[in-house]
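Dear colleague,

Please find below the sequence and the structure that I am handing over to you. My notes on what was found follow directly after.

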Amino acid sequence: MNEVNDTLFADIPSSDEAKKEHDRLVHKAYLERNKERIAAYKKEYNERTKEERSAAYKVWYEKNKDTKLAYAREWKKNNPDKVKDVFDRWIENNPERRKEHYRKRYWKNKHSISIRTRAYYFANRDAICERERKRNSTPEAKEKRRQYALNNLDRRLLNERRRRARKFNSGGDHTLEDINKLFELQRGKCAGANCKKSIKKEYHVDHVVPIARGGSNDKYNLQLLCPTCNMRKSARDPIVHNQSLGLLL
Ligand SMILES: [Zn+2]
């Protein structure tokens, strides 16, 4: 062919190229028609060969470990944005594992962390106190504290019982879990003699032998009372109290 013809027919594919294109289209149509069957087969194949593929990968990995790690290091160095993306996504999807990671790291380095924290605190004490004071005195912070106190009444009262127990040196301790168990043991009813009122709405944790009279803060010295029974009992000696109800002579 001469030069003119070459230019004229440049856009028309040779018969070889045309055949390739035709085959490609046929194949594509085949894939489209059998999409579901192929997907099912792939899935089944992956399931069936899972173990041998993973074993083969392990062998391959051991053989190519150094190259692969070097490549990964290089890739990370060249793609800091992508690394950060992956990291952020992982953190978002694995809050528990992240917490666990920090928890482990903390316990491992507890000693050096506490030394560092203390040193930092003493070096910057005034600034830290000032910052905390400012942060705690905003109306939002006050409201937040109020809400927290309301939402964590159980814990606050638990702490109050502990504080009293320390003051009277009474020994023994209990947890909120113990209170919940007690609630179940009492089947949600007041433990006051002859009361049996429901305490599902409100109850007071009462020391059977009052702390002020040498009672312990242990769970075995606790009972849940309805507000009326608790008020009636207050800090009276239980024997005197029960006598006043005509229960003991
Ligand atoms: Zn009662």
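A residue is called buried if 20 or more other C-beta atoms lie within 10 Å of its own, exposed if 12 or fewer do, and partly exposed in between, with the C-beta atoms placed from the backbone. By this criterion Ala165 is buried, since 21 other C-beta atoms lie within 10 Å.

Please note that this is a predicted model, in which local features need pLDDT of at least 70 and side-chain atom pairs count only at pLDDT 80 or more, while totals for chains, interfaces and linings use all residues. Residues are numbered from 1 along each chain as its sequence is written.

Overall, the chain has 13 helices and 2 strands; these are DSSP runs (H or I of at least four residues for helices, E of at least two for strands), numbered from the N terminus. Of its 249 residues, 8% count as buried. Two residues are in contact if their C-beta atoms, placed from the backbone, lie within 7 Å. Among the contacts with a separation of 6 or more, 53% join residues 24 or more positions apart.

To return to Ala165, this residue lies in helix H10 (residues 153–167). Leaving aside residues up to four places away in sequence, Ala165 touches Ser170, Gly172, Ile211 and Asn217. Asn217 is 52 residues from Ala165 in sequence, yet their C-alpha atoms are 6.1 Å apart.

The largest nonpolar core has 7 residues: Cys190, Ile199, Tyr203, Leu224, Leu225, Cys226 and Cys229. Such a core is a set of buried Ala, Val, Leu, Ile, Met, Phe, Trp, Tyr and Cys residues joined through C-beta atoms within 7 Å.

Helix H4 (residues 50–78) spans only 32 Å between its end C-alpha atoms, whereas a straight helix of 29 residues would span 42 Å. H4 bends by about 75° at Asn64, the bend being the angle between axes fitted to the seven residues ending there and the seven starting there. Helix H6 (residues 95–108) reaches 20 Å, close to the 20 Å expected for its 14 residues. For helix H9 (residues 139–151), the 18 Å between the end C-alpha atoms agrees with the 18 Å that 13 residues should span.

As to burial, H4 is hardly covered, with 0 buried residues among its 29. H9 is hardly covered, its count of buried residues being 0.

With kind regards

Definitions and conventions: Expected span 1.5 Å × (residues − 1).
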